[in-house]
Amino acid sequence: MKPRDRLRIAMQKSGRLTEPALELLNRCGLSFRQSRDKLFCFGEGEPVDLLLVRDDDIPGLIAQGVCDLGIVGRNVLNEFKGIAGDGGAALTEWRSLGFGRCRLSVAVPHDMAYNAPTDLSGLRIATSYPGLLGAWLRENSVDASVITLAGSVEIAPKLGTADVICDLVQSGGTLVANQLRETDVLLQSEAVLAGPQSLPTDERGDMVELLLKRLDGVIQVRESRLLLLQTSRTTLDAVTRLLPGGPQPTLLPVAGQPDQLMLQALCAGEVSWRQLEEIKKAGAREMFVLPVEKMLA
Ligand SMILES: Nc1ncnc2c1ncn2[C@@H]1O[C@H](COP(=O)(O)OP(=O)(O)OP(=O)(O)O)[C@@H](O)[C@H]1O
Ligand SMILES: O=P(O)(O)OC[C@H]1O[C@H](OP(=O)(O)OP(=O)(O)O)[C@H](O)[C@@H]1O
Ligand SMILES: [Mg+2]
């Protein structure tokens with residue numbers, strides 16, 4: 001393979017992960033010029049390009065060295081690792097990205113009695129994840145036949161081509177619509193940044209490190225809020241005790257009101273209405289909750 005000096009990231013061309021993945025990369029300061037075939041996007045500014053493909057192909061492209069990194073669901077990555085033997089073992093999750101959350105679960109018809117995985121013995125299980133399901137069945141000493149389908153797995157029991165299923169679940173709406181109930185969760189999944197265990201030793205390795213640093217900043221601030229409020233010195237302790245986790249707040253004097261302080265606190269998550277009410281009751285006023293745009297420690 002020709003040596004490359006630009007980093008190449010594989011991501012889903014069109015699907016659930018496409019928009020959030022692009023938005024995340026944009027937030028990391030990467031922007032891309034879309035080529036006419038839309039399969040390859042040349043990076044503007046930084047030497048980072050995108051390859052837009054079917055999500056199932058992403059782990060293989062990384063394992064072959066065609067791409068340096070990929071944004072893909074843990075479900076797809078782990079299925080590949082399970083069936084690709086040595087090639088798969090070389091892949092790892094560099095970061096979990098907090099979108100595309102779902103789980104891989106077994107579900108059975110509503111009216112089927114089910115107590116434990118051994119109840120699946122002798123049944124036919126339809127799935128798009130034969131590797132992950134096979135491993136789980138072995139772990140639970142269940143001897144069942146696995147029927148591999150590319151999609152529309154939930155319909156298989158109704159069609160009579162399988163007895164139960166193992167598929168992705170998010171809201172559970174698809175299961176309900178097909179009179180199925182979830183019994184066992186095999187894997188909690190979300191989009192991850194996947195790559196080889198060891199980074200390239202050339203400039204691409206430096207670029208990966210820079211990208212990881214920016215990603216950490218973006219992921220950290222995504223849920224963070226800046227809380228601003230005013231309090232008197234006498235109620236300061238009571239107010240501070242109620243602040244959601246984060247570093248020590250900063251205190252600033254208020255011009256012309258020596259007994260008042262302006263408090264500024266970085267909160268590690270959303271600040272709820274209930275928390276705000278409690279902080280207000282403790283003596284705070286003029287409260288603002290602001291999203292954080294960027295953060296550099
Ligand atoms: N209902 C869901 N809610 C949230 N995330 C989901 C849901 N279903 C799947 N995902 C996650 O999003 C990923 C992509 O899902 P999508 O349905 O777009 O894939 P696909 O149909 O296999 O696409 P492709 O055409 O690229 O093969 C899944 O592998 C999974 O990680
Ligand atoms: O629990 P829910 O919120 O209903 O989501 C689960 C459904 O979402 C995914 O399918 P998708 O809608 O992507 O269709 P596809 O499998 O045909 O790609 C998954 O394969 C389930 O069928
Ligand atoms: Mg796919």
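**Exercise 1. Find what share of the contacts in the protein chain with a separation of 6 or more joins residues 24 or more positions apart.**

Step 1: Two residues are in contact if their C-beta atoms, placed from the backbone, lie within 7 Å. Step 2: With contacts of separation 6 or more in the protein chain as the total, residues 24 or more positions apart account for 66%. Step 3: This is a predicted model, in which local features need pLDDT of at least 70 and side-chain atom pairs count only at pLDDT 80 or more, while totals for chains, interfaces and linings use all residues. Residues are numbered from 1 along each chain as its sequence is written, and chains are lettered from A and ligands numbered from 1 in the order in which they are written.

**Exercise 2. Compare the radius of gyration of the protein chain with that of a compact globule of 297 residues.**

Step 1: The radius of gyration is taken over C-alpha atoms, and the globule rule is 2.2 Å times the number of residues to the power 0.38. Step 2: For 297 residues a compact globule would have a value near 19 Å, whereas the protein chain has 25 Å. Step 3: The C-alpha trace spans about 80 × 55 × 35 Å along its principal axes.

**Exercise 3. Name the domains of the protein chain and describe the contact of domain 1 with domain 2.**

Step 1: The assignment, whose bounds come from an automatic or database domain assignment, gives domain 1 (7–100 + 191–221), domain 2 (102–189) and domain 3 (223–291). Step 2: The centres of domain 1 and domain 2, taken over C-alpha atoms, are separated by 29 Å, and their contact takes eight residues from domain 1 and nine residues from domain 2. Step 3: On the side of domain 1 that touches domain 2, the largest share, six residues, comes from H3; helices (H or I, at least four residues) and strands (E, at least two) are DSSP runs, numbered from the N terminus.

**Exercise 4. Explain why helix H3 is largely enclosed by the rest of the structure.**

Step 1: A residue is buried if 20 or more other C-beta atoms lie within 10 Å of its own, exposed if 12 or fewer, and partly exposed in between, with C-beta atoms placed from the backbone. Step 2: Because eight of the ten residues of H3 are buried, the helix is largely enclosed by the rest of the structure. Step 3: Among these buried residues are Arg-74, Val-76, Phe-80 and Lys-81, and just after H3, Gly-85 takes a positive phi of about 60 degrees.

**Exercise 5. Identify the residues that touch the most other members of the largest nonpolar core.**

Step 1: A nonpolar core is a set of buried Ala, Val, Leu, Ile, Met, Phe, Trp, Tyr and Cys residues joined through C-beta atoms within 7 Å. Step 2: In the largest core, of 36 residues, those touching the most other members are Ile-9, Met-11, Ile-62, Ile-71, Val-72 and Ala-194. Step 3: The elements that give two or more residues to this core include strand E1 (7–12), helix H3 (74–83) and helix H8 (203–222). Step 4: A second, separate core has 20 residues, including Leu-120 and Ile-165.

**Exercise 6. Describe the shells around ligand 1 and ligand 2.**

Step 1: A residue is near a molecule or strand if its C-beta atom, placed from the backbone, lies within 6 Å of it. Step 2: Ligand 1 is surrounded by 15 residues, the closest being Gly-15, Arg-16, Asp-55, Gly-73 and Gln-170, and its shell draws at least three residues from each of domain 1 and domain 2. Step 3: Around ligand 2 stand residues including Ser-152, Asp-167 and Gln-170, and E10 gives the most to this shell, with three residues.
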